[in-house]
Structures are given as C-alpha cells and as structure tokens.
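Here is a short briefing to read alongside the model. Keep the viewer open and follow the residues as they come up.

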Amino acid sequence: MSFTAPVNAMQFLLNHGVDFDKIITQDKFADATPELVSDILNGASVFARDVLAPTNWTGDQNPATLDGKDVTASPGFKEAYAAFVEAGWQSLSTPAEIGGMGLPTVVSAAVNEMIYAANMALDLCPMLTGSAVKAIDAHASEDLQETYVPKMVTGEWTGAMCLTEPQAGSDLGPVRTKAEDNGDGTYSITGQKIYITWGDHDCADNIIHLVLARLPDSPEGSRGISLFLCPKYFVNADGSLGDRNDFYPIGLEHKLGIHGSPTCVMEFSGAKGWLVGEVNRGLACMFTMMNEARLFVGVQGVAIGERAYQAALDYANDRVQGRPIESDPTDPIINHPDVRRMLIDMKTRLMGARAIGMATAAADDLGDHARAGLLTPIAKSYGSDTGVSVASTGVQIHGGMGFVEETGAAQHYRDARIAPIYEGTNGIQAIDLVGRKLRRDGGEAMRALLADLKHINIEADQAEGLDVCVRALTNGIETLSVATDILLNASEKDALSVATPYQTLCSLVISGALLTKAVARGTLAGDAHAPNMAVLARYHALSVMPEAEAQLEQIRAGADPIFDFPKTALADL
C-alpha cells in the first residue's frame, strides 16, 4: 500500500495555474523561490512516502484506545508525529513573526495534500493545530499568545476545537456548555462536547482546546456564544507544565473511517479557561479557525482520492482478467476500455479539484479575500465530493477485491466519506456560497471571477491544440453566467433548493478553466508535462464540463420539483 506524491502535477499547477509568480513578488514571500519550493515539495514527498504512509493501514486496523482518562494513539503514530515535528512541517505557512517559515498557503496546500494522502487520520491533528494557531493569534490576548502559540507553531503542543454537542451540531446556537466568571481573569467551563477530533492523545505533551461556551447572562442563540482556551495541562510561569485541567475524554467514537484519529467525547467539569476575543463573539472567532479548516478538508478529499487512484492504477496494471480489446489475453485489465475510462476520469477530476484548492489558497496569499471567500465553499465541497467519488471508482476497478479490506481500497472509501460531512456539510457550503458569497453582495465577487474566466479563455484561444477546451469553457462560462443571474433574482426558497447544483456547476466550470489556463501557459513555456496535461484538459472539456448543463436545468426548475412531492408521501410510496 505504497504512496508516491504527485509532485509533477502540483509543480505544474503552481508554475502555470495559480499565479505563483505574482505571489512571490510580495515582500513577505520573497524567500519562496521556485528552487526552494521545489526542494520542499520533493522533501515532503519523501517524508510522506517513507514516514507517514507506512502507518496508514496500521492506524485503520488498530484504532486509538481509551484507558481511564487517557487516550493512546495507534501504533507508530507517536513516533511518526515526533518525526513530523522534528522536520518542521507544522510551521510551513505560519507567519515568520510568530515563529513560522512564512511560506505561501498555496505551498502548504500542496504539502498537506501529500501528508493527508499518506495518513489522513494522523494528520488531522496538525491540521487542527495550525487552524487553532490562527484563531489564537488573531483574537487572543498577548499573554495567551506568548504562552501557547510558540509551541503550537512547532507542533510540540497540539490544538483541538470543541464546538459540537449532542443537541448542537451544524447549528451551534443551542450550545449549552456553561462558562462562569471566576473573577480572576479565568472562567470555569462545564459541559460535554462530542466529535472532538484528536481531543486527547499521547503524541504531544499538551493539547490546547478552543471551547465554545455560554455565559449565564448571554443572549440566546449563536449571538450568545463565547470562545475559551482550555489547556490540557496548565503552564507554569517558567514555561513548564503544571497540573492537569479538569476535563477528560469519557469515550471514543467508533467510526466508519479514519479509525486512527481519536474522536473523543470530552467532559468539562469546571475546567479553567481563558476568554479568547470578546464576550459573545465566540462564533466569529471560531470562523477564523474554521475557514482555513474548510479549505484543507477539500485538500483532504483530493489527497485520499489521489491515494485511491494510485492503488487502482497499480491494481489495473497487475490484474489479469478477461481478454482486453486489441490486446493479448495475458495483458492486465488496464487495457480494457472501461477501466481506462475510469482511470482518466479519476485523474482528471482530481486534477481539477486540486487546482481549485490551490487557487483558493493562492487568492488568500494575494490578499484577495473576496475571491478566497467565494472559492472556499467550492474548494471544500468539490474536493471532498471528488475524493468520495474517486475512492468509490477505485473500489470498482478492484472489483471484488475492492470490497474486502486486504487491498486497502475500502479504507480509502471509508476515510474519504467523512470529508463532505465535517467542518460544515457540503449542503451548508452551498448555502454559504449562494446565501452569503453570491446574493449578499449582489453577485459582485462572482462577476469578477467570471471576468477572469473569460480572460483565461481568450488566453487559451491563442495557444495551439486547445480548441476543444476553448469551446467547452465558452459554453461553461455562459452556463454559469445564466445560473448566476437566475439565483440573484430567485426567491430564497428557490435559491436554497438549488444551491448544491449551483455549487457543483461552479466547480465544473472553474476546474475546467484552471486546467485550461495551466495547459495554455505550460505549453507556451515549453513545460515537458504540458502535452499530458492537455490530454486531461481535453477529457475535462468533453466529459466533465458538459455536466454543467444538467446543473443549469435543475437551477431553472427551482424548488418546485422538490416540494411538489408531499413530505408525507416520502414514506407512503
């Protein structure tokens, strides 16, 4: 169950697809030379292959365990995580002023894809730590920053976010965990949190929890939630660790996938915490953490999809079954036309989803917050949905051997399935895209994106061999423009009923545009990988982009086809 990171694909998109040349002209990224980035990508590839990937199957078959009040990670995880910290991967895109390397987020997106693919269950831990650092750095007091951020930046201490409760999942308004002012600058936190990823473990010396809780006199709903920092162990004045705080894991969830990731039920029993940000503004503070996490969940989907693709490719090159067309009977199944179709479809969709994730990170690096905000729900949903569909196709290529555990194909599917659910389900991403990112500003951000897509098409029209891509993208842009106008003028019920088709439509068109852009520029630059990338772009134009029209038809129909069927009849027929 080996894994080799697709460094060439990532490098190609960096060089030609996401304006990396503009990113590194900024003073804050002056050190991010192409040579340095190439070395980092290749180093991360080796680390993912040799250190992390061998622990993936072990973690799946030997989940974390809870003994009393302590969680022990899967075999090999503690050693692999120590190697991760020692190598400095945690601080890659953390700003230099707080101890990080200060590299662009788009580089971190590429590196993290390799790391997630190698062992998603383990590397959820550093993902959450990095997001927690952002929230603490943006909103916490200087004392809290000085106490906790340095060792979180290195990964010596890890982070966790405690949002969900039995009655408060995607809607956090009903949060009941209580916070009481102790009168000395600290608060007493009491309540139960569920689904806390890496809420407890033995891979790091301390775990810093960011906890949503409600003060006694706070307003009802999400407007009355505050954010608190609760360390597993208190930190003494000299920086050493003191007594354990009063919260513990009381259970571990038994999950469909990511078995090696300890998903905890955490009980807070008067735990001591410190306010982060303003009272009753906890949800706004937490979104600093969640927005980055949403992007990287999309990257996780691509990562697991890539690993599933590589496993399927290896199997297809080895398995002999039936007589392939125009081939010897002893040739493997990769010579069957339908197997080839599945493989190129997997690879093309992964490349498109990868491009969207990298473009989202690049927009953040360039300070284009409107573009990054618009793309984030698309990156999260398309990356995670693609991961599931590609992993499912991987099982199909394995045939019956994919439905048993020994090949590992089933694990990829099981692991990928969580990504469309956590950090806001993909339906919630669609609501965010349509309700906030599109309709709230009258479509300004989307129209700016459409203008850029048209410019890409003009540029591609000047390159040789991309006629099919140009025609497909022309149709795709027009389809997205029509759909955008419909949603901007629709009722709220109609808009939310077709938000997911609109999100899918955006994904199909944007991914095709980014692949076309990369191929056009790569061809002009004489990149050796441009011809093969052009094949993928043409496949996207012929087989993926046409799906956009079907999404438009759903959008035209609005809510009627959904609500005309009585809800009572859902169980009657």
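**A loop residue to start with**

Asn280 sits in the loop that links E11 and H9; helices (H or I, at least four residues) and strands (E, at least two) are DSSP runs, numbered from the N terminus. The model is a predicted one, where local features need pLDDT of at least 70, side-chain atom pairs count only at pLDDT 80 or more, and totals for chains, interfaces and linings use all residues. Residues are numbered from 1 along each chain as its sequence is written, and side-chain values use heavy atoms, with hydrogens and water left out.

- Asn280 has a phi near 70°, which is positive although the residue is not glycine.
- With a relative accessibility of 24%, Asn280 counts as partly exposed (buried is under 20% relative accessible area, exposed is over 50%, and partly exposed is in between, using a 1.4 Å probe and protein chains only).
- Ile258, also not a glycine, has a positive phi of about 35°.
- The loop that holds Ile258 runs between strand E10 (247-252) and strand E11 (263-276).
- Is Ile258 buried or exposed? Ile258 is buried, because its relative accessible area is 6%.

**Overall build**

- The protein contains 20 helices and eleven strands.
- A compact globule of 573 residues would have a radius of gyration near 25 Å, and the 24 Å of the protein agrees with that (taken over C-alpha atoms, with the globule rule being 2.2 Å times the number of residues to the power 0.38).
- Along the principal axes, the C-alpha atoms fill a box of roughly 75 × 60 × 55 Å.
- Of the contacts with a separation of 6 or more, 74% join residues 24 or more positions apart (contact means heavy atoms within 4.5 Å).

**Surface and charge**

- Buried residues account for 57% of the 573 residues.
- The 43 positive and 72 negative charges have mean positions 5 Å apart (Lys and Arg are positive, Asp and Glu negative, His and the chain ends are not counted; each charge is placed at NZ of Lys, CZ of Arg, CG of Asp or CD of Glu).

**Nonpolar cores**

- In the largest nonpolar core, of 168 residues, Val106, Leu210, Leu453 and Tyr502 touch the most other members (a core is a set of buried Ala, Val, Leu, Ile, Met, Phe, Trp, Tyr and Cys residues joined through side-chain atoms within 4.5 Å).
- Helix H9 (residues 282-318) gives the most to this core, with 18 residues.
- Apart from this core lies another, of 20 residues, including Val71, Cys162, Phe247 and Phe268.
- Beyond neighbours up to four places away in sequence, Tyr502 touches residues including Leu433, Met446, Leu480 and Ile555.

- Gln300 belongs to helix H9 and is buried, with a relative accessible area of 0%.
- Leaving aside neighbours within four places in sequence, Gln300 is in contact with Tyr116, Met120, Leu124, Met127 and Tyr422.
- Gln300 and Ala117 lie 183 residues apart in sequence, yet 7.2 Å apart in space, C-alpha to C-alpha.
- Asp243, in strand E9 (residues 241-244), is exposed, with a relative accessible area of 60%.
- Not counting residues up to four places away in sequence, Asp243 touches Lys232, Tyr233 and Phe234.
- Asp243 and Gly17 are 226 residues apart along the chain, and their C-alpha atoms are separated by 50 Å.
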